[in-house]
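Trainee: I have a model open and want to learn how to read it. Can we go feature by feature?

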Amino acid sequence: MTSRYPYSMRLLHWSMAALMMSMLCAGLLMVRSLEPWQLTLLNMHKSFGLVAALLIVVRTVNRLRLKLPTPSEPQNRYQSAVAKTVHRLLYALMFLMPLTGLLMQYAAARPVDVFVAFRLPAAKLTDIQQFAVFRELHGLLAVVFMGIIALHIAGACHHYLSARRR
């Protein structure tokens, strides 16, 4: 019986938490500004989006192969169902955000330069309708993602405070 998450899971959790929060903040900054620095931030956002896509694959494989700790306190069915749903939504959104971002860039016929090291190809011709769909979806998913992150943080705080009371 283990009471802590394995180190690799904790490292991936906090690394991705910092990355996702940074990406969401960058996304909000980019849509509200036409400053000269926006293009630099956009290129960084795309590169780190690919890093996020790779890390979620690593994180999922890691999560499937390692044993999770047993809960320190019994949860009622409602709490357990909410926690599982929030975690599943977090994983789904961590997959979908980079995917919709890449599809948006592909439909716009914009290659993605990854840290100036290599380039992901783009469509030969712009498909403005697909671009619009993926852009709207990317933005909508970002709003949902922020809400789910808030629920996750609230649940973690509740869990922490409940454990301290005992």
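Trainee: In which hand does helix 1 pass helix 2?

Mentor: Remember that this is a predicted model. Helix 1 passes helix 2 in a left-handed crossing.

Trainee: At what angle do the axes of helix 1 and helix 2 cross, and within what distance do they come?

Mentor: The angle is roughly 150°, and the axes come within 9 Å. Helix 2 covers residues 38-65. Angles over 145 degrees count as roughly antiparallel, so helix 1 is roughly antiparallel to helix 2.

Trainee: How do the residues of that contact divide by class?

Mentor: The contact of helix 1 with helix 2 has 17 nonpolar residues, 7 polar and 2 charged.

Trainee: Now helix 4. How is helix 1 oriented against helix 4?

Mentor: Start with the numbers. Helix 1 spans residues 7-31 and helix 4 spans residues 128-165. They pack at an angle of about 140°, with axes 11 Å apart. Therefore helix 1 is oblique to helix 4. The cut-off matters here: roughly antiparallel needs an angle over 145 degrees. As for the hand, helix 1 passes helix 4 in a left-handed crossing.

Trainee: Which residues in helix 1 and helix 4 meet?

Mentor: From helix 1 come His13, Met20, Met21, Leu24 and Leu28. In helix 4 they meet Ala142, Phe145, Met146, Ile149 and His152. By class, this contact of helix 1 with helix 4 has 8 nonpolar and 2 polar residues, and no charged ones.

Trainee: Let me step back. What pattern does the protein chain follow along the sequence?

Mentor: Read along the sequence, the pattern is α-α-α-β-β-α. That comes to 4 helices and 2 strands.

Trainee: What does the C-alpha trace span, and what share of the residues is buried?

Mentor: Along its principal axes the C-alpha trace spans about 60 × 30 × 25 Å. Of the 166 residues in the protein chain, 30% are buried. The chain exposes about 11,500 Å², and carbon and sulfur atoms supply 68% of that area.

Trainee: How do I read contacts by sequence separation? What percentage joins residues at least 24 apart?

Mentor: Take contacts between residues at least 6 apart in sequence. Of these, 73% join residues at least 24 apart. Thr85 sits in helix 3, residues 77-107. With 42% relative accessibility, Thr85 counts as partly exposed.

Trainee: Where is Phe115 placed, and what is its phi?

Mentor: Phe115 is in the loop between strand 1 and strand 2. Phi of Phe115 is near 50°, again positive in a residue other than glycine. Phe115 is partly exposed, with a relative accessible area of 43%.

Technical notes: Residues are numbered from 1 along each chain as its sequence is written. This is a predicted model: local features need pLDDT of at least 70, side-chain atom pairs count only at pLDDT 80 or more; totals for chains, interfaces and linings use all residues. Side-chain values use heavy atoms; hydrogens and water are left out. Axes are lines fitted to C-alpha atoms, for helices over the stretch in contact, and angles run from 0 to 180 degrees between N-to-C directions. Angles under 35 degrees count as roughly parallel, over 145 as roughly antiparallel, 65 to 115 as roughly perpendicular and the rest as oblique. A crossing is left-handed if the near helix is turned anticlockwise from the far one by less than a right angle, and right-handed if clockwise. Contact means heavy atoms within 4.5 Å. Ala, Val, Leu, Ile, Met, Phe, Trp, Tyr, Cys and Pro count as nonpolar, Asp, Glu, Lys and Arg as charged, and the others, Gly among them, as polar. Buried means under 20% relative accessible area, exposed over 50%, partly exposed in between (1.4 Å probe, protein chains only). Accessible areas come from the Shrake-Rupley method with a 1.4 Å probe; for residues, only the protein chains shown count as cover.
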